[in-house]
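Hi,

Here is the structure I promised to pass on.

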Amino acid sequence: MKFRYNIATLLCGAVLIICSGCTADEPIFSLNVGDTLPPFEVIMNDGSTVSDKTLAGFPAEIIFFNTSCPDCRRHLPKLEEEWQESKAAGKKITYICISRAEKSPTITAFWAENGLTMPWSAQADNKVYSLFASSIIPRVYSVSPTGIITRVRTGEYNDIE
């Protein structure tokens with residue numbers, strides 16, 4: 001019994017020592033409805049360039065994802081359906097998927113496995129994502145033709161239909 005008590009005391013002490021240098025988590029940042037699209041530029045999987053400037057004049061859906069994220073894996077096919085329905089209805093909405101710290105080979109494989117055709121951009125880091133948010137994917141920003149965010153959806157809250 002004394003042995004268990006000593007181990008528990010040591011573990012608690014170790015946790016206290018480790019956490020004594022901890023600082024509070026940084027606040028979560030996200031662009032919200034009414035915010036203006038930040039300046040950004042990405043190279044898409046077809047070699048074209050998309051930026052805040054090229055999106056001007058058109059409604060857009062900007063989707064941040066990582067294929068290792070379970071919510072992203074679940075929602076990306078639903079977003080593909082949404083995109084296909086939009087195209088079939090003749091709506092001119094630009095859909096762009098931007099990875100959060102994921103390279104092309106993994107994305108290419110996931111797109112092929114799941115029959116996805118939405119345009120995507122592989123980003124090896126979080127630079128573009130960090131202009132929009134600090135956490136939580138999938139994250140979908142609906143943007144007006146004037147560059148104003150009109151809707152924000154995240155997979156964490158299961159609000160991507």
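A quick word on terms before anything else: helices (H or I, at least four residues) and strands (E, at least two) are DSSP runs, numbered from the N terminus. On that basis the protein reads α-β-β-α-β-α-β-α-β-α-β-β along the sequence, which comes to five helices and seven strands.

Please keep in mind that this is a predicted model, where local features need pLDDT of at least 70 and side-chain atom pairs count only at pLDDT 80 or more, while totals for chains, interfaces and linings use all residues. Residues are numbered from 1 along each chain as its sequence is written, and side-chain values use heavy atoms, with hydrogens and water left out.

**Overall numbers**

Of the 161 residues in the protein, 38% are buried; buried means under 20% relative accessible area, exposed means over 50%, and partly exposed is in between (1.4 Å probe, protein chains only). The protein exposes about 9500 Å², and 59% of that comes from carbon and sulfur atoms. Those areas are from the Shrake-Rupley method with a 1.4 Å probe, and for residues only the protein chains shown count as cover. As for contacts (heavy atoms within 4.5 Å), residues 24 or more positions apart account for 65% of those with a separation of 6 or more.

**The sheet**

Two strands pair if DSSP finds at least two bridges between them. There is an open sheet of five strands in the order 5-4-3-6-7, with mixed pairing. At its edges are strand 5 (120–121) and strand 7 (149–154), each pairing on one side only.

Strand 6 (residues 139–143) runs antiparallel to strand 7, with five bridges between the two. Ser-142 stands opposite Arg-151 in strand 7, and Arg-139 has Thr-154 in strand 7 as its bridge partner.

Glu-61 and Arg-151 are 90 residues apart in sequence, yet their C-alpha atoms are 9.4 Å apart in space.

**Aromatics**

The whole structure holds nine aromatic pairs. The rule is that rings of Phe, Tyr and Trp (its six-membered ring) pair if their centres lie within 6.5 Å; planes under 30 degrees apart are stacked, over 60 edge-to-face, and the rest tilted.

One of them is Phe-64 with Phe-132, a tilted pair at 4.8 Å centre to centre and 55° between the planes. Phe-64 lies in strand 3 (residues 60–65) and Phe-132 in helix 5 (residues 127–132), so this pair ties together parts that are 68 residues apart in sequence. Both Phe-64 and Phe-132 are buried.

Then there is Phe-65 with Trp-111, also tilted, at 5.2 Å centre to centre and 45° between the planes. Here Phe-65 is in strand 3 and Trp-111 in helix 4 (residues 104–114), so the pair links parts 46 residues apart in sequence. Phe-65 and Trp-111 are both buried.

Phe-40, Phe-64, Tyr-129, Phe-132 and Tyr-141 form one aromatic cluster. Arg-100 lies over the face of Tyr-129, 5.1 Å from the ring centre. Elsewhere, the charged end of Lys-87 sits over the ring of Trp-83, at 4.1 Å from its centre. For both, the test is NZ of Lys or CZ of Arg within 6 Å of the ring centre and within 35 degrees of the ring normal.

**Cysteines**

How many disulfides are there? With a disulfide taken as a pair of cysteine sulfur atoms within 2.5 Å, the count is zero. Cys-69 is in no disulfide, and its nearest cysteine sulfur, that of Cys-72, is 3.1 Å away. Cys-69 is buried at 13% relative accessible area, and Cys-72 is buried at 0%.

Asn-45 is in the loop between strand 1 (41–43) and strand 2 (49–51), and is partly exposed at 41% relative accessibility. Beyond its neighbours within four places in sequence, Asn-45 touches Pro-119 and Trp-120. Asn-45 and Ala-122 are 77 residues apart in sequence and 7.5 Å apart in space, C-alpha to C-alpha.

Cheers
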